[in-house]
Amino acid sequence: MTTSQKWTAGAIVVAALVLAGIGLYLSFEHVAVFAHERLHFATLGKGQLFAVGVDVGIMVMISVDLLMAWLKRPISWIRYPVWLLTGATVVLNAASGAPRGRAWQLLDYVAAGAHGVVPILFIMVVEVGRDSIDRIVRPDQVERDSIPWIRWILAPVATSRIFRRMRLWGVLSYPEMVRRDQELIAYEQWLRRKYDGDLTDATEDELLPMTMAPYGYTVAQALAMPEQQEREAEKRAEEAERRRLDAETRRELAQKQAEADRAEAQGKLDAVLARVEGETGQARAHARAQVSAAERAAELEKEALETAVIAEAKARTAEAARKEALERQAEAAADMESADLERQAAEKRKEAAEADRVAAAEAQAIETAETAEARQRAAEADRVAAETEKAAAETRRRAAEADRLTAEENERKATADANTQAARKREAETELAAAEARLAAAEVERRAVEIEDAAKLTPRERAVRKVARMILAAGGDTDQVLLADIQRELAVSSTDTASKYRQEAVDLLAGGYRP
């Protein structure tokens, strides 16, 4: 807007406000007095409050209407309460000027009309302002054409029909409505000429333009309606057929999908059953392997026990040999003492022979030479015999000493063998005890596996229970069961998984689990 336009708009607004003030003043005075005197309000103050309420209500609704039109959010129905209240104000103002106690005269009618002129002018100004604001804020809005007043005067009935059709069916252009009416009149005249003025011979399709004209249809639209309806019916039939085919397709797809889902579910179920059966078979095979290992260990321990018995027998044999060596040593000592006695006897015989030789020498002078020679030979023989006996005694002594040394060596060997056999016996007993413990553990493991099979436990629950049995086998000390042992026994590669198994096993034992 230019500056002059803005000044003009401001002047119009000021004039409208002045007109509103004048109207409110006049209306307030007349309505308040009329309400007190004729409408039985108790006091004039209450009548004034009634007049103020009506005028303020009108102003509030007018302000809201203008504001919403300015915000491009017009409220179409709000003008009707304004018109109603304004009409009530006009009636009250006109009634306040009615004569009292005499008949109505012409001036009385003029006076009653004069009381309602200012409120009507104010409402007209408000409507003009509203339309102006609406045109400014919504310049692209299509406006509805108005019907010329001259047509209302010259053809009120036909014009009312045209107005009705424009309002009911949203025809905004008055020339367009006139063209439609002219086409309808021309078609009706052509149809009368076709049937010689008797429209009863026309078909229903040919009468459609006259039938559908009150509903906003043009002649072309009405004549095209049967074909259009047939096309629409065909489209509906095609659409229904398409929906039916789509429904059948969806049903078949749903059936196929259901079959595929069932097959997939069955496959998953078979896979799960196969996996559970495989894990169960693996657990059973593992248990059987453990039982077989325990039985093999028991057999080995039995063999070790038999070996220990054999070793004990050998130890007893070595002890007997040691005792025999001791006896031989004692015999050798006795032989040595006997050899010493024989040697002493030989020495004494030698001494006796020497004494005999001396005696013989002394008696040599007396004895004859032959006798002396004979005695000499006897003495020499005795000496040789004594020396031979001495040598034999020495030989027997050395033999006895050798037997004694041999006996002592045999005794040491027997003692060493006995110690070795005793150590082997203790080792065999230890291995037997360990084998018995492993056999008992294998038996416990076998019973636990059977119980787990009967309970249909999951592989994880089986693993946790196995770790719990490992902790019990370690005397209940969790630290004695290493994560590496758990990984090896359960064939898992993650230490985190092994740690979780051990923790769950501890919780299971705390809950009272005993295999």
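Four helices, α1 (3-37), α2 (44-70), α3 (79-96) and α4 (106-137), each supply at least two residues of the lining of the largest cavity. Helices here are DSSP runs (H or I, at least four residues), numbered from the N terminus. The model is predicted: local features need pLDDT of at least 70, side-chain atom pairs count only at pLDDT 80 or more, and totals for chains, interfaces and linings use all residues. Residues are numbered from 1 along each chain as its sequence is written, and side-chain values use heavy atoms, with hydrogens and water left out.

**Cavities**

A cavity is a set of points, on a 1 Å grid over the protein atoms alone, where a 1.4 Å probe fits but cannot get out; lining residues have an atom within 4 Å of a point. Volume is the space filled by probe spheres set on the points, which are joined across faces, edges and corners. The structure holds two cavities of 30 Å³ or more.

| Cavity | Volume | Helix giving the most to the lining |
|---|---|---|
| Largest cavity | about 140 Å³ | α1, five residues |
| Second largest cavity | about 70 Å³ | α7 (residues 174-194), five residues |

The largest cavity is lined by 14 residues, and L24, D55, I58, P119 and F122 lie nearest its centre. Its lining divides into nine nonpolar, four polar and one charged. In this count Ala, Val, Leu, Ile, Met, Phe, Trp, Tyr, Cys and Pro are nonpolar, Asp, Glu, Lys and Arg are charged, and the others, Gly among them, are polar.

Residues lining the second largest cavity include R165, R180, D181 and E183, as well as G216 and T218. By class, the lining of the second largest cavity has five nonpolar, two polar and four charged residues.

**Helices α13 and α14**

The axes of helix α13 (residues 483-490) and helix α14 (residues 495-510) come within 9 Å and cross at roughly 95°. α13 is therefore roughly perpendicular to α14, a term for angles of 65 to 115 degrees. Axes are lines fitted to C-alpha atoms over the stretch in contact, and angles run from 0 to 180 degrees between N-to-C directions. From α13, L483, I486, Q487 and L490 meet T495, A498, S499, Y501 and R502 of α14, where contact means heavy atoms within 4.5 Å.

**R465**

R465 lies in helix α12 (residues 459-473). Leaving aside residues up to four places away in sequence, R465 touches E452, L457, L508 and Y513. R465 and V506 are 41 residues apart in sequence and 9.7 Å apart in space, C-alpha to C-alpha.

**Confidence**

The protein averages a pLDDT (the predictor's confidence in each residue, from 0 to 100) of 78, and 83% of the residues score at least 70.

Methods:
Angles under 35 degrees count as roughly parallel, over 145 as roughly antiparallel, 65 to 115 as roughly perpendicular and the rest as oblique. On a 1 Å grid over the protein atoms alone, a cavity is a set of points where a 1.4 Å probe fits but cannot get out, and a pocket is an open set with protein on both sides within 12 Å along at least five of seven lines; lining residues have an atom within 4 Å of a point.
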